[in-house]
Amino acid sequence: NSSIKQKRWDSISKMDNCITIDGPGGSGKGTVAKLLAAKLGWNILDSGALYRLIALISENIKETDPDSIGIELKDKNIFFKLKGDQYHLIFDGKDITDTIRREEIGIKASDLAHNQNIRDLIKDTQRSFYDPNIGLIADGRDMGSVVFPEAKIKIYLDASIEERAKRRQIQLKEKGMEVNMRNLISSLEDRDLKDKNRDVSPLLIPEGAKVIDSTNLSIDEVVNKIMDLI
């Protein structure tokens with residue numbers, strides 16, 4: 001099955017209707033991806049949510065090796081569904097969006113994302129979201145460099161650490177949480193350092209990517225810049 005999938009994938013020389021959006025946390029990837037998907041009518045892939053799904057699965061099985069997780073993923077329907085203005089992750093007929101947002105799931109997902117075997121396992125699932133008849137917006141940290149290097153349009157979205165911390169603070173306040181700005185900046189700096197220096201799929205600017213600094217741009221301005229590229 002693996003060789004058949006790879007042969008089919010190798011036949012796709014250029015993914016004209018695939019846009020990858022990579023970048024550090026708080027750069028606006030998720031919001032931009034959501035707006036682009038809605039505007040274009042394309043599928044969306046939130047790769048971070050998939051790693052949280054893997055973390056959730058690993059809670060319910062004795063062994064967290066890729067083979068055991070793969071069995072739990074096999075033949076399960078996984079997709080993102082737009083509800084209101086948010087995309088929800090549907091797994092095996094259940095909306096697990098709120099469940100995977102638990103803090104302990106996020107910590108586990110971050111650990112699993114550093115495992116090459118886990119990343120190899122999830123790659124087929126990530127690529128399955130691409131339908132050449134529909135199109136895909138893929139949001140993550142290695143979308144344009146590893147998962148969809150064939151994508152015609154690659155975006156690396158960035159912003160200053162202060163602006164990213166401010167955006168994260170606003171998000172948390174909307175959820176009723178109070179967070180110290182200095183602690184947020186420190187947390188983002190630590191995450192950036194780990195993402196950029198890890199051995200497995202480090203965060204980097206993909207070859208041929210358009211770098212957009214969103215520090216002084218509104219979300220609509222970022223979306224319009226990407227639409228101009230299309």
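**Legends to close-up views of the predicted model**

**View 1. Strand β7 and strand β8 (residues 210-213) pair in the parallel sense over 4 bridges.** Two strands count as paired if DSSP finds at least two bridges between them. Helices (H or I, at least four residues) and strands (E, at least two) are DSSP runs, numbered from the N terminus. Within this pair, Tyr156 stands opposite Val211 in β8. Strand β1 (residues 15-22) also pairs with β7, in the parallel sense and over 5 bridges. In that pairing, Thr20 is placed opposite Lys154 in β7. Of the 8 residues of β7 (residues 151-158), 6 are buried, so the strand is largely enclosed by the rest of the structure. Buried means under 20% relative accessible area, exposed over 50% and partly exposed in between, with a 1.4 Å probe and protein chains only. The model is predicted: local features need pLDDT of at least 70, side-chain atom pairs count only at pLDDT 80 or more, and totals for chains, interfaces and linings use all residues. Residues are numbered from 1 along each chain as its sequence is written, and side-chain values use heavy atoms, with hydrogens and water left out.

**View 2. Helix α9 (residues 161-174) is covered in part by β7.** Its buried residues are Ile161, Glu163, Arg164, Ala165, Arg167, Gln169 and Leu172. What covers them includes β7 and α10 (181-197); contact means heavy atoms within 4.5 Å. At 1.5 Å a residue, the 14 residues of α9 should span 20 Å, and the end C-alpha atoms are 20 Å apart, which agrees. The expected span is 1.5 Å times one less than the number of residues. Just after α9, Gly176 takes a positive phi of about 85 degrees.

**View 3. Strand β4 (residues 86-91) pairs with β3 and with β5.** Strand β3 (residues 78-83) and β4 run in the antiparallel sense over 6 bridges, with Lys81 opposite His88 in β4. Their hairpin has 2 residues between the strands, and in it Gly84 takes a positive phi near 70 degrees. Strand β5 (residues 94-95) pairs with β4 in the antiparallel sense over 2 bridges, and Ile90 stands opposite Asp95 in β5. This hairpin of β4 and β5 has 2 residues between the strands, and here Asp92 takes a positive phi near 55 degrees. Because 5 of the 6 residues of β4 are buried, the strand is largely enclosed by the rest of the structure.

**View 4. Helices α3 (residues 47-59) and α6 (residues 103-112) pack at an angle of about 105 degrees, with their axes 8 Å apart.** The two helices are therefore roughly perpendicular to each other. Angles under 35 degrees count as roughly parallel, over 145 as roughly antiparallel, 65 to 115 as roughly perpendicular and the rest as oblique. Axes are lines fitted to C-alpha atoms, for helices over the stretch in contact, and angles run from 0 to 180 degrees between N-to-C directions. From α3, the residues Tyr51, Arg52, Ile54, Ala55, Leu56, Ser58 and Glu59 meet Glu104, Ile105, Gly106, Lys108, Ala109 and Leu112 in α6. The residues of this contact divide into 7 nonpolar, 2 polar and 4 charged. Ala, Val, Leu, Ile, Met, Phe, Trp, Tyr, Cys and Pro count as nonpolar, Asp, Glu, Lys and Arg as charged, and the others, Gly among them, as polar.

**View 5. Asp75 has a positive phi although it is not a glycine, and Ser201 has one as well.** The phi of Asp75 is about 65 degrees, and Asp75 lies in the loop between α4 (66-73) and β3. At 74% relative accessibility, Asp75 counts as exposed. The phi of Ser201 is about 45 degrees, and Ser201 is placed in the loop between α10 and β8. At 11% relative accessibility, Ser201 counts as buried.
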